[in-house]
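Please look through the structure shown here before reading on.

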Protein chains: 2
Amino acid sequence: MVEPALRARVGGMHAWPAEMAGYAFGWCEQGGEPRAGSSGKGVRQALAVLCAEAAGAPAEAAVDGAMAVELVHTFSLLHDDIMDGDETRRQRPAAWKAYGTGPAVLAGDALFALAFEVLAGSPGPHGGAAVRRLSRDMADLVDGQAEDLLFEERPWTGPGAVEVGAYLRMAEHKTGALLGCAAALGALLAGAPAATVDALATAGRQLGVAFQAVDDVLGLWGDPVVTGKPVHGDLRRRKKTLPVLAALAAGVPASRRLAALLSGAGPLEEAALREAAGLVEEAGGRAAAMAEADARLDRARACLRGVPLAPEPAGRLLALLPYVVGRAG
Amino acid sequence: MVEPALRARVGGMHAWPAEMAGYAFGWCEQGGEPRAGSSGKGVRQALAVLCAEAAGAPAEAAVDGAMAVELVHTFSLLHDDIMDGDETRRQRPAAWKAYGTGPAVLAGDALFALAFEVLAGSPGPHGGAAVRRLSRDMADLVDGQAEDLLFEERPWTGPGAVEVGAYLRMAEHKTGALLGCAAALGALLAGAPAATVDALATAGRQLGVAFQAVDDVLGLWGDPVVTGKPVHGDLRRRKKTLPVLAALAAGVPASRRLAALLSGAGPLEEAALREAAGLVEEAGGRAAAMAEADARLDRARACLRGVPLAPEPAGRLLALLPYVVGRAG
C-alpha cells in the first residue's frame, strides 16, 4: 500500500534525482533499469501503519506518514554514506560512489524536501502536528549523526573517551529518531491522544537503540553475505561501536589489550582484527551489546503495554519489535 | 528583528553544525570566533517582511518566514558549493573546504530541518500553508540545481545544446524559487488572499531570474574585490551562463569563434579567457543578459502593481527590486 504511493511520488521528481533515489531505494540499477527483489525490510512503514491501527484508525491514515519516514530514511542513507565514507551499501556501490558526491547530496535533498511536501499536503486535521514532529525528529537525527562523526576523533581511553552512556544517547538520536518518528507519525495521523503518541514514539526510539546495538554486533561478527558489509569492517575503520566501547569499559585485562591494539598507529591487519574481535568478545562487549538490545526491547514493550491500544494491531506491533532487530525467535 | 531570532535558533542547534552554520552565515570564523561586518545583504528577509507589510500585517508576522528562507538559503549555499566544486565564497574558503565535505553536508541538513521546524512551529493559522509553500519551493530549488548540474555535461552547440529558454527556466527554479518563497511566505503569514500571495511569489521569482542574469554578468566581468569571485571564473570552469548562451545563440561570427574556443580541449589560459569574454560581449551576450534582467524587473513590478497592496510598504518593495539585482540607479 505504501510502496506504490511512494514510487509514484518519487517518480514525480526531476528525472535525475528520481533515478538516484530509485537506486538508493533499491528499485533500479544505475542507469534506471528496474531491479527485482527486495528493497529493504520496510520496517519503518510497517511501524507507522501498525501504530495508526493500534490507535484505532485504518491503515490508510498512516500512508503519508509512512512515505515521509521512508523518504527521510533514504535521505539519511544517501548523506550518511558520504559523511561516513561508506563505499558500499547492500552489496552495491553507495550512491555517492555510483553517481558522485554532489549528485548524491542533491538526491538526498530532493527526498528530504519531498518528505515534508508529502506530510504538509496530507489531508485531514493532523498534517501540521505531523510536520512539527518530523522536523524535530530530523533535528535529532542530525544531532546524532554529528555526535557519531565527532566520536571518531576522540580517544579510546582516558580523558575525552566516549562513554557507553554517550554512545547510547547518540544512537537514540541517530537511529532512534527515525523509528520513533515512524511510530509517532502513524499515531498522530490516526488522531491518537498525546499520551499514546508519546508512548509509541518512545517505543520506536527504544527499538532504534536495540536495532543499533544488534547492527553493531553484526558489524563485527556478521556474515558479509547477509549484512552486505565486510567482516570486521567497523573494527578496520576503528569505528566506535557499542560492543567495543562496552569491552573497553569492562576494566578486565582484555579491555587493556584491546585499547592498546586500537590505539596503535597504522592500519589493523587481518590478524590484528581477529585478535581485536576476540578481545571484544572476551571482555564481554558482545554480550553487553546483546543485553542492551534486549533491555531496550523490553522497554519498548513496556511502553506499548502502558497505553490503551487496539489489541489485534498491538499484538502485531509487539511481534514486529524483535523482527526489526533480528532477534526473532 | 530577524537576525537576533535567527541567531538564537541556530545557536540552539548542536554546537558543531551550529558553528559551521555560523561560518556559512558569515557570523563567525572557523573555530567559532565572532566575526564583525556584514553577513550578506539580507534581501530575502527584507522581501518577506515587506511582503507581509504590503499585505497589511505588521512586520512581526513575517519573522518566522524570513528566518525559514534565510535558513534554506544558507542550506543551499552549503550544499551547492559542494556540488559545484566552488572553493571560495565571500573571499573565504567555502564551508566544505574549511570543515570537510561530510560535515558541510551535515550542517546544510541541520539548517534544512530547522527551517521546517521554525515554520511548522509558527503560531497562528497560516503555518500549514507556509510549510506547504516552503516544501514545494524547495523541490523547485532542487530541480533547478539538478538542471544546472546537467547543463555542464551538454555541448555548447548542435543537438543537446542548452537553449536560452531552458537556462531561464532553470534560473527560475534555482534562484527564483528562494526569492519567490520569501515573498510568498511573507504574504501567506500575513493572511493575504491567494491572488496576492501568487502575485508576490511570481514577482519574487522574476526578481530571482533578474538577479541570476546580473550575477552571471558579474561572474564574467565583475571586480573580484566586490564579487568575491575570481575574474572570468565562470568562463574558466566553462560554466553555462546567460551571457555566454545568449552570445552563442546570436548567430554572428563572434558566436562561432566563441563556440570553437569553448569546445576546444584543455584548460582555457588567461589570453583565451580574455578573448572569450570579448567575444561574448561582441556577440551581444552581455547586453542580452542585462536586457533580460531589466525585463524581469519590469515583470516583477507589473505583478506588484496588479494586486491591491498597502501603498507605503509597496513603495519600499518596488525600491527594493533594483537594489537586489544591483541595478539601483
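Is the crossing of H8(A) and H13(A) left-handed or right-handed? The model is a predicted one, in which local features need pLDDT of at least 70 and side-chain atom pairs count only at pLDDT 80 or more, while totals for chains, interfaces and linings use all residues. Residues are numbered from 1 along each chain as its sequence is written, chains are lettered from A and ligands numbered from 1 in the order in which they are written, and side-chain values use heavy atoms, with hydrogens and water left out.

The crossing of H8(A) and H13(A) is left-handed, a term used when the near helix is turned anticlockwise from the far one by less than a right angle, with right-handed standing for clockwise. Helices here are DSSP runs of H or I with at least four residues, numbered from the N terminus. Helix H8 of chain A (residues 164–174) packs against helix H13 of chain A (residues 242–249) at an angle of about 165°, the axes being 9 Å apart; axes are lines fitted to C-alpha atoms over the stretch in contact, and angles run from 0 to 180 degrees between N-to-C directions. H8(A) is therefore roughly antiparallel to H13(A), the word for angles over 145 degrees. In contact (heavy atoms within 4.5 Å) are A:Val164, A:Tyr167 and A:Leu168 of H8(A) with A:Leu242, A:Leu245, A:Ala246 and A:Ala249 of H13(A).

Over all chains, the whole structure holds 40 salt bridges.

Between chain B and chain A, by contrast, the count is 0 salt bridges. In this interface 32 residues of chain B are in contact with 32 residues of chain A, and the buried area, which is the accessible area (1.4 Å probe) lost on putting the two parts together, summed over both, is about 2,700 Å², with carbon and sulfur atoms giving 79%. B:His14, B:Leu106 and B:Val142 supply 18% of the area that chain B buries against chain A, more than any other three residues.

How values were computed. A salt bridge is a side-chain nitrogen of Lys or Arg within 4 Å of a carboxyl oxygen of Asp or Glu. Helices (H or I, at least four residues) and strands (E, at least two) are DSSP runs, numbered from the N terminus. Angles under 35 degrees count as roughly parallel, over 145 as roughly antiparallel, 65 to 115 as roughly perpendicular and the rest as oblique.
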